[in-house]
Amino acid sequence: MLSNKVSINFSLVLPCYNEEQNIDSLFKEIQKLDLNNIFCEFIFVNNGSEDKTELKIDNIIKVSNQNSNKQYSIVKLNLDKNLGYGGGILAGLKYAKGQYIGWCHADLQTPLEDFLKLYVLVNGKSKVFGKGYRINNRGFDSLISKIHEKFASIILGADMKEVNAQPKIINKNDFLIFTNPPKKWTTIDTYFYFMALKNNFTIKTINVTFKPRIYGHSKWKNNKYTFLKYLILNFLYLFKLKLSYEKNNSTKSNS
């Protein structure tokens with residue numbers, strides 16, 4: 001743990017659902033980061049895992065605490081029940097103590113050094129939304145992403161490029177602007193990006209290469225039913241988000 005006297009520069013939320021095979025590799029990535037007097041916390045959210053994810057997190061925390069000179073803290077946030085992709089992220093963001101807070105995948109598809117680069121890019125700024133921009137062709141996944149971006153841009157009336165690309169980061173002081181984030185699927189990424197655009201945030205991006213999973217499998221592509229449900233719910237959410245935003249804006253205008 002970092003000393004209570006240390007000001008934490010950033011907090012990175014890593015939502016974990018049955019990621020026991022990836023935890024040790026994530027820890028190795030943390031140890032390799034060139035923090036250069038940047039103090040940070042890594043929040044491992046055990047989102048109702050049914051494997052040994054929690055035990056693995058406990059183990060790396062124990063090893064990490066043996067190093068008194070480190071510039072990072074590893075925290076476990078244990079959720080007894082799976083709260084969904086967005087729910088796990090939100091739990092971590094609400095707990096986070098850093099001046100900047102954000103999230104990325106815990107499945108090793110997003111290198112942790114990308115988040116560090118993004119932090120350096122946004123550091124010192126407010127009303128800024130930092131995000132990754134995937135530059136590699138991921139085949140079928142890229143096609144689905146492009147279709148989602150197209151519909152999102154048309155329905156929401158905003159330029160929604162690379163909506164689900166990780167990592168993402170904001171200034172903690174701006175967190176209160178995001179008052180109604182969703183918890184299901186990856187709609188939380190759509191929500192934060194859309195609200196950042198509508199609230200005139202400065203958008204900062206870095207090019208990232210999205211790697212294939214080494215262990216495990218995607219939670220939304222493992223069968224046709226889940227995949228179809230994912231597409232339908234994400235499509236319907238675009239209309240829900242648009243109507244909700246317009247209603248809130250109308251209420252503010254009339255008050």
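User: Which helix gives the largest share of the lining of the second largest pocket?
Analyst: That is H7, which supplies 10 residues of that lining in this predicted model. H7 covers residues 224-254, and helix H6 (187-198) also gives two or more residues to the lining.

User: And what is the volume of that second largest pocket?
Analyst: About 470 Å³.

User: Nice. Which residues lie nearest its centre?
Analyst: Asn 180, Tyr 191, Met 195, Leu 241 and Ser 244 do, out of 23 residues that line the second largest pocket.

User: How does the lining of that pocket split by class?
Analyst: There are 11 nonpolar residues, seven polar ones and five charged ones in the lining of the second largest pocket.

User: Let's stay with H6 for a bit. At what angle do the axes of H3 and H6 cross?
Analyst: Roughly 55°, and the two axes come within 8 Å; H3 is the helix at residues 84-95. H3 and H6 are therefore oblique to each other.

User: Which residues meet there, between H3 and H6?
Analyst: From H3 you have Tyr 85, Gly 86, Ile 89, Leu 90 and Leu 93, and from H6 there are Ile 188, Asp 189 and Phe 192. By class, the contact of H3 with H6 has six nonpolar residues, one polar and one charged.

User: Ile 188 looks interesting. Is Ile 188 buried or exposed?
Analyst: Buried: the relative accessible area of Ile 188 is 0%. This residue is in helix H6.

User: What is Ile 188 in contact with, apart from its sequence neighbours?
Analyst: Leaving aside residues within four places in sequence, Ile 188 is in contact with Tyr 85, Gly 86, Ile 89, Leu 90 and Pro 182. As for Leu 231, it is 43 residues away from Ile 188 in sequence and 14 Å away in space, C-alpha to C-alpha.

User: Changing topic to the backbone. Where is the cis peptide bond you flagged?
Analyst: The cis bond joins Gln 166 and Pro 167, with omega about 0°. Pro 167 sits in the loop between helix H5 (140-156) and strand S6 (168-171). For context, most peptide bonds are trans, and most residues other than glycine have a negative phi.

User: On that note, what is the phi of Glu 162?
Analyst: Positive, about 45°, although Glu 162 is not a glycine. Glu 162 is in the loop between H5 and S6.

User: Is Glu 162 buried or exposed?
Analyst: Glu 162 is buried, with a relative accessible area of 3%.

User: How about Lys 127, what is its phi?
Analyst: Near 45°, again a positive value in a residue other than glycine. Lys 127 is in the loop between helix H4 (112-122) and strand S5 (128-134). Lys 127 is partly exposed, with a relative accessible area of 34%.

User: And what follows H4?
Analyst: Gly 124 does, and its phi is positive, near 90°.

User: While we're at H4, which of its residues are buried?
Analyst: Leu 112, Asp 114, Phe 115, Leu 116, Leu 118, Tyr 119 and Val 122 are buried in H4.

User: What covers the buried residues of H4?
Analyst: The cover includes strand S1 (10-16), helix H1 (20-32), strand S4 (100-103), S5, S6 and strand S7 (202-208).

User: Which residues does His 105 touch?
Analyst: Not counting residues up to four places away in sequence, His 105 touches Leu 14, Tyr 85, Thr 110, Gln 166 and Phe 210. Tyr 85 also takes part in the meeting of H3 with H6, and Gln 166 is in the cis peptide bond with Pro 167.

User: Good links. What about Ser 142, is that buried or exposed?
Analyst: Ser 142 is buried, at 13% relative accessible area, and is found in helix H5. Beyond its neighbours within four places in sequence, Ser 142 is in contact with Asn 136 and Asn 137.

User: Last one: where is Glu 19?
Analyst: Glu 19 is in the loop between S1 and H1. Glu 19 is buried, with a relative accessible area of 6%.

Definitions and conventions. Residues are numbered from 1 along each chain as its sequence is written. This is a predicted model: local features need pLDDT of at least 70, side-chain atom pairs count only at pLDDT 80 or more; totals for chains, interfaces and linings use all residues. Side-chain values use heavy atoms; hydrogens and water are left out. On a 1 Å grid over the protein atoms alone, a cavity is a set of points where a 1.4 Å probe fits but cannot get out, and a pocket is an open set with protein on both sides within 12 Å along at least five of seven lines; lining residues have an atom within 4 Å of a point. Grid points are joined across faces, edges and corners, and a volume is the space filled by probe spheres set on the points. Helices (H or I, at least four residues) and strands (E, at least two) are DSSP runs, numbered from the N terminus. Ala, Val, Leu, Ile, Met, Phe, Trp, Tyr, Cys and Pro count as nonpolar, Asp, Glu, Lys and Arg as charged, and the others, Gly among them, as polar. Axes are lines fitted to C-alpha atoms, for helices over the stretch in contact, and angles run from 0 to 180 degrees between N-to-C directions. Angles under 35 degrees count as roughly parallel, over 145 as roughly antiparallel, 65 to 115 as roughly perpendicular and the rest as oblique. Contact means heavy atoms within 4.5 Å. Buried means under 20% relative accessible area, exposed over 50%, partly exposed in between (1.4 Å probe, protein chains only).
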